[in-house]
Amino acid sequence: MQFVLQTLVGGIGLGAIYVLVALGFSLVYRTMGLVNFAHGDILMVGAYLAATFFISAKMPFWVAMIIAIVATAVIGLVIERILRPLENKDFDLMLIGTIGFGIMLEGIAILIWGTTGEAVPTPIGGAPFELFGIFIKRYELVVVVVAALASLVLWLFLDRTKQGIAMQAVAINHEEATALGINVGRSNAIAFAIGSGLAALAGGLAGPILYVSPTFGSSLGIMGFSAAILGGFGNIKGAIVGGLLFGILYAFASGLSQGYADLVAFVVFALIVIVRPTGIFGESTVNRA
Amino acid sequence: MVQRRIRTAALFAGAAALGMLLAGCSAPGANKGANATDSSGPIKIAIVDAQSGQLSSLGDWEAKGAKMAFDEQNAAGGIDGRKIVYTVYDDQGDPTTSTNLANKLASDGNIAMIGTAESADSLAMAPIMAQNKIPMITSGQSPKLGELHNSFVFLNSPSSTAYDETLAKYLVNDKGYTSIAMISNNGAYGAGERDAFKASLKDLSVSPAADQVVTPDQKDFSSALTQIRGKNPKVLFIGAEEVETGLIVKQARQLGIDAVIAGGAPAGTPVYVKTAGIDNAEGTIVSTPYLGNDTNDQTKKFAADYKAKYNETGELHGAKAYDGAKILIQALQNSKVATGQALSDAIRAVKYDGLVGHFDFDENGIGVHETQIGEIDQDGNLVAANG
């Protein structure tokens, strides 16, 4: 029982990171209808920025995080601006564009930070909390709280604000939204900026748990992408449930199957998606070629 | 719609991978350089190491050590008046990329190879290198490399068997520990460590308190560590690369495991200490053939030269590759720049007192058979263990 609970706690800790990654993927998809394949690499850049300001510039961790989030949001704006001429012309080309930006960002990161990677000290040290023999790491508790807050704010923004609802309207019907006077370009830019900021939040928070390197984004990106699909791509609730579920799934797979965690986690993932191709909260809000 | 986009993306990714694969392969008939008996012009040697990816710190050290030896030789006039021209190939720590490179470096006309730092990559490359008759001096240390019985494969350090026999004897016989838990990954290096350490413990009539296996890409070790914590071991043996070893130790301490940490070469590196944090890494027991830069005059000179050239502190991996490159240079000199099987025979014949020990290659290509025991001190440095 203790093993089950301890594994569950570990799974939720990492699952919270996957939630943030999945949220970024889902937000851009929900509002633009675009799978942003540069998301993982934006996350990596965000993680590096946070780590650099935290370690080298010796800033408090939360300040480093805010700088990283703002900087990556700007990167997101730039990517959206460059891809904008393709909007409504060639969606597949836009998709390849995001893959290209991802590769470019990885190259730039290697130029700036080198290839060896960076070990980030845990900003909140101290002994773990002990609850009925279960250890809860202090820092992971913070990660879970931050992820929960970010999810709540994003959900409120999309479903309760005019701007958020307008952004979703753009994705559902581009022409009608334009006719109604919604600025599609600006709406997409905001989506990309928030998505990128979320990536930096995920990457920055994951840094002290993992190890920041130029390929950091690809492994976390795959996990977040799978989590988003598991929950129902484009669905905010789905991203949260999918992220947590994937984290827990992975933790149990690695606990039970002696080193074949990737295989087991992804086989289970594939089975769920075969049974329910649209994910747990399966809804397709976007239907645009 | 989602599926369609994903399918398109997958298609492009597949096409890109195919493109890279084709670029890596040589055209038929292009493989002329390998066995060329051109006795003038530069001597082409390949350095294959990860220059990107999670294992790139290893690759970086190895490549620097090898480059230093070749640059020194060139400064001293080369070999028989011929310069050594080396090319660094980035294997990304990925066996698939490595196999492509094995073909590419042959078609590029290289007559020998230093690398890779990775057992998995070296194992993947070995058959292709033998096919192309190009000797490789690898820094991998998986016992499987020796078991290949491939006459073109040489190890520039002891194999895991030597590392772990020394470590197990120290822990059990000298320190009297019998409650020893193991955690290792199922990659080529980790699996080699697991087998070698387990066999060494068995010889000493000790059975491990726990034997957890993780994957090389795993980041969260809660479940494996929880099971280990349940056994309350005195020692935790880790068979994984630098970064992963650091993450395991960091998380073990966070979960309240206070066992002494023990491991092979990765646990003696600055990357491990930095990843784990000095407080967590202090007291780690390390089995290594290279105890530090101040051991003797040879290591002092190596460290000073390394510092002067790269403005970095020299360490085990650079030293291993430096030794390997020096042995290759000696073999090239002795054989008047032979190629193929003759060069391989010349390498096997070299007896060399290197930075990581005395080299005398056996039929499996393993040159050094002993390691020493070190310890991480309170400043995060590797020092000789005090009994």
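The model is predicted, so local features need pLDDT of at least 70 and side-chain atom pairs count only at pLDDT 80 or more, while totals for chains, interfaces and linings use all residues. Residues are numbered from 1 along each chain as its sequence is written, chains are lettered from A and ligands numbered from 1 in the order in which they are written, and side-chain values use heavy atoms, with hydrogens and water left out.

**Where the chains meet**

- On chain B, 38 residues are in contact with 47 residues of chain A. Contact means heavy atoms within 4.5 Å.
- Together the two chains bury about 3700 Å², and 56% of it is on carbon and sulfur atoms. Buried area is the accessible area (1.4 Å probe) that two parts lose on being put together, summed over both.
- The rule finds 1 salt bridge across this interface. A salt bridge is a side-chain nitrogen of Lys or Arg within 4 Å of a carboxyl oxygen of Asp or Glu.
- Its partners are B:Lys274 and A:Glu118, with the closest N and O atoms 2.8 Å apart.
- Polar contacts link 4 residue pairs between chain B and chain A, both residues at pLDDT 80 or more. A polar contact is a pair of N or O atoms within 3.5 Å; within protein, one must be able to donate a hydrogen and the other to accept it, and residues adjacent in sequence count only if both atoms are side-chain atoms.
- Several elements of chain B each supply at least two residues to the side that touches chain A, including helix H1 (2–24), helix H2 (56–75) and strand S7 (210–214). Helices (H or I, at least four residues) and strands (E, at least two) are DSSP runs, numbered from the N terminus.
- H1(B) gives the most to that side, with 8 residues.
- The residues on that side of chain B divide into 11 nonpolar, 19 polar and 8 charged. Here Ala, Val, Leu, Ile, Met, Phe, Trp, Tyr, Cys and Pro count as nonpolar, Asp, Glu, Lys and Arg as charged, and the others, Gly among them, as polar.

**Salt bridges**

- Over all chains, the count comes to 12 salt bridges.
- B:Asp71 pairs with B:Lys309, the closest N and O atoms being 2.7 Å apart. This pair links distant parts of the chain, helix H2 and helix H12 (residues 297–310) of chain B, 238 residues apart.
- B:Asp71 is partly exposed at 24% relative accessibility. B:Lys309 is partly exposed at 39%. Buried means under 20% relative accessible area, exposed over 50%, and partly exposed in between (1.4 Å probe, protein chains only).
- B:Asp211 forms a salt bridge with B:Lys198, with closest N and O atoms 2.9 Å apart. B:Asp211 lies in strand S7 and B:Lys198 in helix H7 (residues 188–203) of chain B, so the pair ties together parts 13 residues apart in sequence.
- B:Asp211 is buried at 16% relative accessibility, whereas B:Lys198 is partly exposed at 33%.
- B:Lys301 and B:Asp305 meet in a salt bridge at 2.7 Å, N to O. Both lie in helix H12 of chain B, 4 residues apart, about one turn of the helix.
- An α-helix has 3.6 residues a turn, so residues three or four places apart point the same way.

**A buried asparagine**

- B:Asn185 sits in strand S6 (residues 180–185) of chain B. B:Asn185 is buried, with a relative accessible area of 1%.
- Its side chain reaches the backbone nitrogen of B:Gly187 at 2.9 Å.
- The side chain of B:Asn185 also makes a polar contact with the side chain of B:Glu241 (2.9 Å).

**Nonpolar cores**

- The largest nonpolar core has 81 residues, and those with the most contacts inside it are B:Phe70, B:Leu225, B:Leu236 and B:Leu328. A nonpolar core is a set of buried Ala, Val, Leu, Ile, Met, Phe, Trp, Tyr and Cys residues joined through side-chain atoms within 4.5 Å.
- Helix H13 (residues 316–334) of chain B gives the most to this core, with 10 residues.
- Apart from it lies another core, of 77 residues, among them A:Ile42, A:Ala47, A:Leu210 and A:Phe233.
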